[in-house]
Amino acid sequence: MTMTTFRDLIPTKLAAGIWNCLVKCKSIPNFPQQETCELLVLDRSIDQIAPVIHEWTYDAMCHDLLNMEGNKYVHEVPSKTGGPPEKKEVLLEEHDPIWLELRHAHIGDANLRLHEKMTNFVSKNKAAQHQHGSRDVGEISTRDLQKMVQALPQYSEQIEKLSLHVEIAGKINRIITEQGLKELGQLEQDLVFGDAGMKDVIKFLTTNEAVSHENKLRLMMILAAIYPEKFEGEKGLSLMKLAKLSTEDANAVNNMSLLAPLSESKKGSASSFSLKFDIHKKKRAARKDRCSEQETWQLSRFYPIIEELVEKLSLGELSKDDYPCMNDPSPSFHGSSPAAASIHEAPVAHSMRSRRTPTWARPRGSDDGYSSDSVLRHTSSDLKKRGKRIFVFIAGGATRSELRVCHKLTGKLNREVVLGSTSIDDPQQFITKLKQLTPSEISLDDLQI
């Protein structure tokens, strides 16, 4: 029997604390006595790769590459008085219908949709055609769009939002090219799916010396998650030297071991695939290809582990040994509809709130990253028809790819999937936290829940 350690007990103690609160609440008049939803409590060790791999959706690339502060983006707009450009702050949030439509889309799909929007707008407006001339839509500049605003004041808000996203997408595309992110991204995903190994990483590092320190660091962190034994002793020092990492960066790589599963037989604090690798294999896979989903865009293979966990939870296939229950579900919990049928794999969270539509699901525009006719367009009425909610909480920070997956699964499973965490971390934030991590453990008594 494997000894349970401090790190294993963080989700367990959190889940127990929630369950104890729910038990006390059962004495409240009209409080639900049976399950109304499912709650899965995890920690960051569940998936060490998701926080550092390059995610290729519009939302993730904006926050990863554009040095945004939260959802605030600063850009320059032409002065209305003819003077030098002025700086303008905008929030990439729900009030922007183009952001809602594109945020979960692959960057390639986002580029295509923006091109189509610009083409349609120009083709339907003679004044826009006059300002645009005979040039290709891809050649349009921010100043051209400003002239369109002056010529078509009734469309000023629409053009300004379109102008903003044309600029953002253009900036992202330039960074992708300048930093060689397509080649790096392909290597990252090949590593994760077992199509590349140590030799491929060494070849990349020796032939791409212009790669930024941060991108080399992220690559080494992915490598450390898949090949932890390669970073022990002299072998680890040699790899750090090859990547030309600073001592501080090397600490971040070495600290990946603090998030690693503590034993191969204990998968509960690791992931559903675990790191139970054959150490003699030259190439290992940290993910299995999802055969049921076709890859439309290049570099879209990667998925965070919680996608697999939530799907198994919904189907009642999540292992009780790896993810123990706080309580057994009541017989009526399974219900008669397939959407509601699932085993209670985590402490249940009884909700006394009405099934109000979450703000991100309001039907202002498409938000699924796949179609303008989003499955969430009519969520207000559909939520009443959905199965029981699934809540996922990740202690230690969640990623934008995990937010995207929960949104995607809401439509796919016909159950609202809600993600909660101690923070939403972009790669730079996660790396900073990892650099500051220390192996010293505090007592469980210090955890206030």
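Colleague: Which residues of E1 are buried on one side, and which on the other?

Modeller: On one side of E1 the buried residues are Cys37, Leu39, Val41 and Asp43, and on the other they are Glu38, Leu40 and Leu42. Buried stands for under 20% relative accessible area, with exposed over 50% and partly exposed in between (1.4 Å probe, protein chains only).

Colleague: What are the ground rules for this model?

Modeller: The model is predicted, so local features need pLDDT of at least 70 and side-chain atom pairs count only at pLDDT 80 or more, while totals for chains, interfaces and linings use all residues. Residues are numbered from 1 along each chain as its sequence is written, and side-chain values use heavy atoms, leaving out hydrogens and water.

Colleague: Back to E1. How many of its residues are buried?

Modeller: In E1, 7 of the 7 residues are buried, so the strand is largely enclosed by the rest of the structure. Element names follow DSSP runs (helices: H or I, at least four residues; strands: E, at least two), numbered from the N terminus.

Colleague: What is the bridge partner of Leu39, and what stands opposite Gly387?

Modeller: Leu39 has Phe391 of E4 as its bridge partner. Gly387 stands opposite Arg415 in E5.

Colleague: Let us change topic. How many aromatic pairs are there?

Modeller: There are 2 aromatic pairs. The rule takes rings of Phe, Tyr and Trp (its six-membered ring) with centres within 6.5 Å; planes under 30 degrees apart count as stacked, over 60 as edge-to-face and the rest as tilted. One is formed by Tyr58 and Trp99, which are tilted, at 5.7 Å centre to centre with 50° between the planes.

Colleague: Where do Tyr58 and Trp99 lie?

Modeller: Tyr58 belongs to helix H2 (residues 58-65) and Trp99 to helix H3 (residues 97-102), so their pair ties together parts that are 41 residues apart in sequence. Tyr58 is buried at 0% relative accessible area, and Trp99 counts as buried at 3%.

Colleague: And what about the rings of Phe193 and Tyr303?

Modeller: Their centres are 6.3 Å apart and their planes make 55°, so the pair of Phe193 and Tyr303 is tilted. Phe193 sits in the loop between helix H8 (181-192) and helix H9 (198-207), whereas Tyr303 sits in the loop between helix H12 (247-254) and helix H13 (305-315), 110 residues apart. Phe193 is buried at 7% relative accessible area, and Tyr303 at 4%.

Colleague: One more: is His165 buried or exposed, and what does it touch?

Modeller: His165, located in helix H7 (residues 156-178), is buried with a relative accessible area of 0%. Leaving aside residues up to four places away in sequence, His165 touches Tyr58, Leu92, Asp96, Ile98, Trp99 and Leu114, where contact means heavy atoms within 4.5 Å. Tyr58 and Trp99 are the two partners of the tilted pair discussed above.

Methods. Pairing = 2+ DSSP bridges.
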